[in-house]
Amino acid sequence: MRLVVVGAGGRMGRMLIRAVAQAEGCTLTGAIEREGAEVLGQDAGVLAGLPALGVPVTDDPLAAFAATDGVLDFTAPAATVFYAELAAQARIVHVVGTTGLSEDDLAKLRAAAYHARIVRSGNMSLGVNLVAALVRRVAASLGPDFDIEILEMHHRHKVDAPSGTALLLGEAAAEGRGVDLAETRVSTRDGHTGARRPGDIGFATLRGGSVIGDHSVVFAGPAERITISHHAEDRALFASGAVRAALWANPKPPGLYSMTDVLGL
Ligand SMILES: NC(=O)C1=CN([C@@H]2O[C@H](COP(=O)(O)OP(=O)(O)OC[C@H]3O[C@@H](n4cnc5c(N)ncnc54)[C@H](OP(=O)(O)O)[C@@H]3O)[C@@H](O)[C@H]2O)C=CC1
Ligand SMILES: O=C(O)C1=N[C@H](C(=O)O)C[C@H](O)C1
């Protein structure tokens, strides 16, 4: 499968180049960065710490999308919406790892998925998606006297909160409970907040250092507490999940898919 990496100079972009170069059955056909980026013109392989691959980083997605089967995109919301529209025009696979998308952005992705095969997930790892399945089940089993709180910590450069993974886990908890996350979500507490509202799903965000991604879901009951945690130890985990998603989506009809579909969970 021919693949293009957008946001090639980013933390995940470099990991994605490595993952494509090392994956059986995949060829890197393009590496895209934004206009004016310092890495333009560099060889994508060298950028990712590999021998040269003969693929220069460019700011021309049109040419790259016209000659590929799929795009791996861990960039920023506005960029992802733009690339989804291009992927739809080119009728290719678009794997979206970007987090922090608004409802409006998501609506645009749903529209693009009439023509593109889009796989989107706040976390491309097998472990987190298994944890989400577990959280759904635990939330469905426990009664309303168990309060649900989600804690996450990421590196100091992360720009969105709560993380895409925290929201994915929150959605799983809400689904398990049969409630709407939008109506139960509490993402900030400060000052005199009053007592916890029954049924709320709380989010707490920590940022610092080089933490790749730590998540815990706490079910706090009257006399016991269950904590389900996941700790990412290497970004390569997300990159190999993204390549797996692209290979899975390649023969599928247009649509918006998730890692739950890819992993058959
Ligand atoms: N779903 C998952 O499993 C995971 C998701 N993520 C998500 O992936 C995203 C990226 O994370 P990370 O790699 O750490 O961030 P970085 O900031 O390191 O990388 C993002 C890259 O995208 C580039 N970019 C921004 N806009 C465009 C554009 N229009 N065209 C081309 N390139 C563009 C940025 O360039 P510039 O610096 O010039 O803005 C930057 O190089 C985040 O949303 C993060 O939460 C991260 C890990 C796992
Ligand atoms: O920005 C990151 O780094 C990560 N983002 C994703 C998220 O928002 O959950 C996934 C992972 O935790 C790393």
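Predicted model: local features only at pLDDT ≥ 70, side-chain atom pairs only at ≥ 80, totals over all residues.
Y83 is buried, with a relative accessibility of 9%; buried means under 20% relative accessible area, exposed over 50% and partly exposed in between, using a 1.4 Å probe and protein chains only. Residues are numbered from 1 along each chain as its sequence is written, chains are lettered from A and ligands numbered from 1 in the order in which they are written, and side-chain values use heavy atoms, leaving out hydrogens and water.

**Aromatic rings**

- Rings of Phe, Tyr and Trp (its six-membered ring) pair if their centres lie within 6.5 Å; planes under 30 degrees apart are stacked, over 60 edge-to-face, and the rest tilted.
- That rule gives three aromatic pairs.
- F82 and Y83 make a tilted pair, because their ring centres are 5.5 Å apart and their planes sit at 55°.
- F82 is partly exposed, at 43% relative accessible area.
- W248 and Y257 pair up edge-to-face, since their planes are at 80°, with centres 5.1 Å apart.
- Y257 is buried, at 15% relative accessible area.
- Ring pairs also tie F65, F82 and Y83 into a cluster.

**Charges over rings**

- A charge sits over a ring if NZ of Lys or CZ of Arg is within 6 Å of the ring centre and within 35 degrees of the ring normal.
- K252 has its charged end over the ring of W248, 4.4 Å from the centre.
- R185 does likewise with F203, at 5.9 Å from the ring centre.

**Around ligand 1**

- An N or O atom in the side chain of K158 is 2.9 Å from an oxygen atom of ligand 1.
- A backbone N or O atom of G97 lies 3.1 Å from a nitrogen atom of the ligand.
- A polar backbone atom of G10 is 3.3 Å from an oxygen atom of ligand 1.
- On its own, ligand 1 exposes 920 Å², and the protein buries 77% of that (areas by the Shrake-Rupley method with a 1.4 Å probe).

Methods
Polar contact = N/O pair within 3.5 Å; in protein donor to acceptor, adjacent residues only side chain to side chain.
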